Amino acid sequence: MAVKNFVVGLFDEEAVLFPAVKKVRTAGYKLHDVYTPFPIHGLDHAMGLRETSLHTAGFIYGITGTTTALSFMSWVFNVDWPLNIGGKPHFPLPAFIPITFELTVLFAAVGMVMTFCYLCQVMPGVKKHIFHPGQTDDKFVMVIELTEKTNAEEVKSFLASAGAHGINEQKAEAGWWFGRFDKDDEPYLRKVHTANA
């Protein structure tokens, strides 16, 4: 986990935020993320994010469920415990369809939920730095990561010209960590406290 420097700008309206995102990308700054109180159609494309591959994962999970169901039932009725039930075949495919369907749906649903939680980092116990308390309430928050080539004051003036207000610089953990918001400090703060003690 790495501690990085960020410049944070607040926007009050979606109409101001959208062109600002395009300006930031055109200027070549590294856009860390944009936090909005509600989904904004087209913002992912403006940020340069690729299409999600969650549907591909769902298809793979579904095929896995189908294969598991058919393989297990075939093994049970043909190898492990073959029974002669009124001369019926050992592989009665029409009778296997309901259970195969159920396992296909179960594997796809559970697998997609777990994949979604992993990709969005919203699992139980996961903490992320909150750049502004209003980022999920009524503010649009744009976070630009400072690299070795970017100057903080230059980025601040650029955001101000793009319509941002409340611009500030923050040092924060770039990723996520396990913990509780009501108990633990952020890991880098604990390291700093330990080093200063």
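Q: How many helices and strands does the chain have, and in what order do the elements run?
A: Helices (H or I, at least four residues) and strands (E, at least two) are DSSP runs, numbered from the N terminus. In this predicted model, the chain has 6 helices and 6 strands. From the N terminus on, their order is β-α-β-α-α-α-β-β-α-β-β-α. Local features need pLDDT of at least 70 and side-chain atom pairs count only at pLDDT 80 or more, whereas totals for chains, interfaces and linings use all residues. Residues are numbered from 1 along each chain as its sequence is written, and side-chain values use heavy atoms, with hydrogens and water left out.

Q: What percentage of the residues count as buried?
A: Buried means under 20% relative accessible area, exposed over 50%, and partly exposed in between (1.4 Å probe, protein chains only). Of the 197 residues of the chain, 30% count as buried.

Q: Which residues of helix α5 are buried, and where on the helix do they lie?
A: In helix α5 (residues 152-161), the buried residues are A152, V155 and L159. An arc is taken over the directions from the helix axis to the C-beta atoms. Seen down the axis of α5, its buried residues fall within an arc of 65°, so they line one face of the helix. The face turned away from the buried side of α5 carries the exposed residues E153 and S161.

Q: Which elements do the buried residues of α5 pack against?
A: Contact means heavy atoms within 4.5 Å. The buried residues of α5 pack against β1 (3-11), α1 (14-27), β4 (140-145) and β5 (165-173).

Q: What is found at the start of α5 and just after it?
A: At the start of α5, a side-chain oxygen of N151 reaches to within 3.2 Å of the backbone nitrogen of E153. Just after α5, G163 takes a positive phi of about 105°.

Q: At what angle do helices α3 and α4 pack?
A: Axes are lines fitted to C-alpha atoms, for helices over the stretch in contact, and angles run from 0 to 180 degrees between N-to-C directions. Helix α3 (residues 54-80) packs against helix α4 (residues 93-120) at an angle of about 145°, and their axes are 7 Å apart.

Q: Which residues does F18 touch?
A: F18 is placed in helix α1. Leaving aside residues up to four places away in sequence, F18 touches I40, H41, G42, L43 and A46. The C-alpha atoms of F18 and L43 are separated by 7.0 Å, and these residues are 25 residues apart along the chain.

Key
Polar contact = N/O pair within 3.5 Å; in protein donor to acceptor, adjacent residues only side chain to side chain.
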